[in-house]
Amino acid sequence: VENGKILDASSNQNDGVSNSSVLSAPGIVGNSALFTDDSAEISINYNAGEEVIFSDWTVSGWIKLTDWSSNERKEWLSISEDRTEDKPLDFVHESGEIRHYRGGAAGSVLSHSVSNLSGWHHVSVRQQRNDSSSVSVEIFLDGEEVDSASGNYENMRPSLKFTIGNLVDGRFDWIDYIDEVRLYDRSLTNE
């Protein structure tokens, strides 16, 4: 967050648009986004090119919660083909855990308990293709793998809607801090 703008750190110009309920606050690197109420969100239209579809990807970000033990579901990032998509990739805090849902809440889930945490923490989720029909997915907390699973092949398409601080349909708002959210079109290594 720089002077009220959500800037793409790459040269791809996928800048975000926030509403007035997203404020700037001290973060891990410079300023972070502080989501102040249930209408706060940042929307990003990601366009990697019409021919690009990637099966290997990594999503990461720094998150800070006022109450890490809360049972309330809070969505820090949701990725979908459009705002009505019913099978997004979701990155949430719920029931004292960090979770990654694939295909919405009815789909598969990776999770790890975080109820004893405080302050800023780095969360990342990595998908890597194993073969033509399956992938491995891992979730990391502060650089350590905390859960993993193998599952069906799920591409990330070239034109996506990213919603930071809310689910794509506006439910499960995040009223806390988020900083340095990144999407990579490859599976990053543990290094």
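## Terms and basis of the model

A nonpolar core is here a set of buried Ala, Val, Leu, Ile, Met, Phe, Trp, Tyr and Cys residues joined through side-chain atoms within 4.5 Å, where buried means under 20% relative accessible area, exposed means over 50%, and partly exposed lies in between, with a 1.4 Å probe and protein chains only. The structure is a predicted model, in which local features need pLDDT of at least 70 and side-chain atom pairs count only at pLDDT 80 or more, while totals for chains, interfaces and linings use all residues. Residues are numbered from 1 along each chain as its sequence is written, and side-chain values use heavy atoms, with hydrogens and water left out.

## Overall architecture

The chain has 14 strands and zero helices, where strands (E, at least two residues) and helices (H or I, at least four) are DSSP runs numbered from the N terminus. Of the 191 residues in the chain, 43% are buried. The accessible surface comes to about 9500 Å², and carbon and sulfur atoms account for 42% of that area; the areas come from the Shrake-Rupley method with a 1.4 Å probe, and for residues only the protein chains shown count as cover.

Contact means heavy atoms within 4.5 Å.

## The largest nonpolar core

The largest nonpolar core has 30 residues, and those with the most contacts inside it are F35, I42, I63, W76, L77, F91 and I98. Two or more residues are given to this core by each of β3, β4 (42-47), β5 (57-64), β6 (74-80), β7 (89-94), β10 (120-129), β11 (134-141) and β13 (159-164). The largest share, four residues, comes from β11.

## Strand β6 and its partner

Strand β6 is mostly covered, since seven of its seven residues are buried. It pairs with β7 in the antiparallel sense over five bridges, where pairing requires that DSSP finds at least two bridges between the strands. Within this arrangement S78 stands opposite D90 in β7. L77, not counting residues up to four places away in sequence, touches V59, L89, D90, F91, F162, T163, I164 and V181.

## Serines in a strand and in loops

S32 is found in strand β3 (residues 31-35) and counts as buried because its relative accessibility is 0%. A polar atom of the S32 side chain lies 3.4 Å from the backbone oxygen of P26.

S70 lies in the loop between β5 and β6, and with a relative accessibility of 13% it also counts as buried. Leaving aside its neighbours within four places in sequence, S70 is in contact with H93, E94, S95 and G96. The C-alpha atoms of S70 and G96 are separated by 5.5 Å, although the two residues are 26 residues apart along the chain.

S95, one of the residues in contact with S70, is found in the loop between β7 and β8 (97-102). Its phi is near 50°, a positive value in a residue other than glycine, and its relative accessibility of 37% makes it count as partly exposed.

D142 lies in the loop between β11 and β12 (144-152). The phi of D142 is likewise near 50°, a positive value in a residue other than glycine, and at 40% relative accessibility D142 counts as partly exposed.

Methods: A polar contact is a pair of N or O atoms within 3.5 Å; within protein, one must be able to donate a hydrogen and the other to accept it, and residues adjacent in sequence count only if both atoms are side-chain atoms.
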